Protein chains: 2
Amino acid sequence: MDPSQVKIPPMKNLTVDNITENVIRINSLCKDPRMKYVLERLVTHLHDFARETRLSSAEWMTGLEFLTEVGQICTDVRQEYILLSDVLGLSILVDSIDHPKPPNSTEGTVLGPFHTHEAEEISLGGSMSTDPAGEPLLVVCTIKDTAGNPVEGVKIDIWETDSTGHYDVQHADRDGPDGRCIMHSDCEGVFWFNAITPVPYPIPHDGPVGRLLTKLHRHPYRPSHMHFMFEKGGFDNLITALYLRNDPYETSDAVFGVKDSLVVDLGRAGPEYAAKYGVSEDHVLLTYDFVLVSDVETSELRAKNSKAALDKLGRKVKIVNGLPIPELD
Amino acid sequence: MDPSQVKIPPMKNLTVDNITENVIRINSLCKDPRMKYVLERLVTHLHDFARETRLSSAEWMTGLEFLTEVGQICTDVRQEYILLSDVLGLSILVDSIDHPKPPNSTEGTVLGPFHTHEAEEISLGGSMSTDPAGEPLLVVCTIKDTAGNPVEGVKIDIWETDSTGHYDVQHADRDGPDGRCIMHSDCEGVFWFNAITPVPYPIPHDGPVGRLLTKLHRHPYRPSHMHFMFEKGGFDNLITALYLRNDPYETSDAVFGVKDSLVVDLGRAGPEYAAKYGVSEDHVLLTYDFVLVSDVETSELRAKNSKAALDKLGRKVKIVNGLPIPELD
């Protein structure tokens, strides 16, 4: 391609009023219709944001410096952009759009910035935490499909903080994964393991996102919770978490993750669980029955929701590869 | 502040439809009304963008990884976020909003990512480029106010590439500033200096912004130009550039900066300039008459434009510290 020969309408004298259509026009050279649509909406909203706020050059520079700093503080074990997306409510929104749940299935919630790919596989009944200061917690769960059949062989990725409210990767001196594990459900769709009772903790607030929260006069705390991710061929990946009832931050989660259906009461093992799982009767117990949705049902529901939402906005779209693009006449 | 005691409405069960109002509500704890307004519009547009595109989790992650990479490639001498803002047309838009120009004043344009604070002051008639391969160019300009009076003592910051199309900071082995200078206008509002004829060049496209342009099938070139920034107390800072007519990229600038009023024809010194400035008669000559706008006139025009634009959008605002915030009844 000789760029000086690219055929695009001449672009000069761009103003507050005509810049948007011109940027969209040159971006429409893009061959990928989905990317073209995403960029068209991105540029429109970015420009409307500047026009509606009458954004000043100084504010613009402050914003760019902030975004630069958010990128620069990221490392292999710190993802400040996910954190920014979380505190702006974008993460929970995208999860809700992309992983719609039919009634009676388990709701999803935010992934958060602390999922890693280094958790080790443990056997059913194994222990995921080595923190001696944590309160021992027995977790016993089932996994079913929406028809009520147990789902065997689901890969479950589980992670939680230690008793001080820090994930393993937040400790500079760690020597391996802790407070996280991978396991697989058995033929009855059951999985169980030993963990510690989750505690509330602040999201990392020593960086640019923390400073943003301070300026907004918002606290950085998340209510006590344990993360779960479920994967099995034929089912929509479920990223979710369980929250402890009556946590001081239950209704003001810094990242907007709490849903009533995911709030649980801890109990005690009692005679039956004590005998079956080899713990004392007063051992703290968490039980939950997860319900996974099939890929097919999810993609049908996602497409239906997309069409309905965009119809409502007056946008004619068609669904291609599961995602909307404009329907051109 | 005990964050568990913060008085905000309970936030749980957030959905595609109610997340935005809830994020705005918790952000409204912010004490700064301007920041609160900017964040309200930011969150609204960010969420609407996700809703209108039905953004997928995979696209969301691709976006966050892109933003992370844009931040991580930034250094003291490379500002990829300004570049991103430039290629999305945001930079020229913000400049137009924040530095409105009355008729017969010099228009502004994009700052670009290559302004530095290390340019050295030179005397009138000095040389800003040491590149022996560049075509020598004599630049003779005047600065006036909107009433036609010469403006003395304006600090002028000027920067251009070398003859290969690279700014000094793009050379890893550079040993100081080159192709940039600072000078001050004399009592007749005149400044003049020796430079080299600008050449077209691609913006840095070996990073994430370059990859974005490739995906969009856009070229990364800017037409030949020279940057100028003018500062003097009582006048609105003018950030602008002069472009050479008939450049192959004159109508397809990758960063949307070209305006007809800033496009110039190069000439030859001729007998008068040759005698006055000590060059040969066929020496290449660039002349331009800049017109600066007072701070007062600019802020009145900016406030008037803001009110008019926001009235048109049905937003009742008042101007505080030069910027709009909602007018609450």
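Visitor: What is the volume of the second largest pocket?

Guide: About 940 Å³, counted as the space filled by probe spheres set on grid points joined across faces, edges and corners. The model is predicted: local features need pLDDT of at least 70 and side-chain atom pairs 80 or more, while totals for chains, interfaces and linings use all residues. Residues are numbered from 1 along each chain, chains are lettered from A, and side-chain values use heavy atoms.

A pocket is an open set of points on a 1 Å grid where a 1.4 Å probe fits, with protein on both sides within 12 Å along at least five of seven lines; lining residues have an atom within 4 Å of a point. Here 42 residues line the second largest pocket, and Ile82(A), Leu111(A), His115(A), Trp60(B) and Met61(B) lie nearest its centre. H3(B) contributes the most, 8 residues. By class, the lining holds 15 nonpolar, 15 polar and 12 charged residues; Asp, Glu, Lys and Arg count as charged, and Gly as polar.

As for cysteines, there are 0 disulfides over all chains, a disulfide being two cysteine sulfur atoms within 2.5 Å. For Cys74(A), the nearest cysteine sulfur is that of Cys74(B), 12 Å away. Cys74(A) is buried (under 20% relative accessible area, 1.4 Å probe), at 8%.

Definitions and conventions
Helices (H or I, at least four residues) and strands (E, at least two) are DSSP runs, numbered from the N terminus. Buried means under 20% relative accessible area, exposed over 50%, partly exposed in between (1.4 Å probe, protein chains only).
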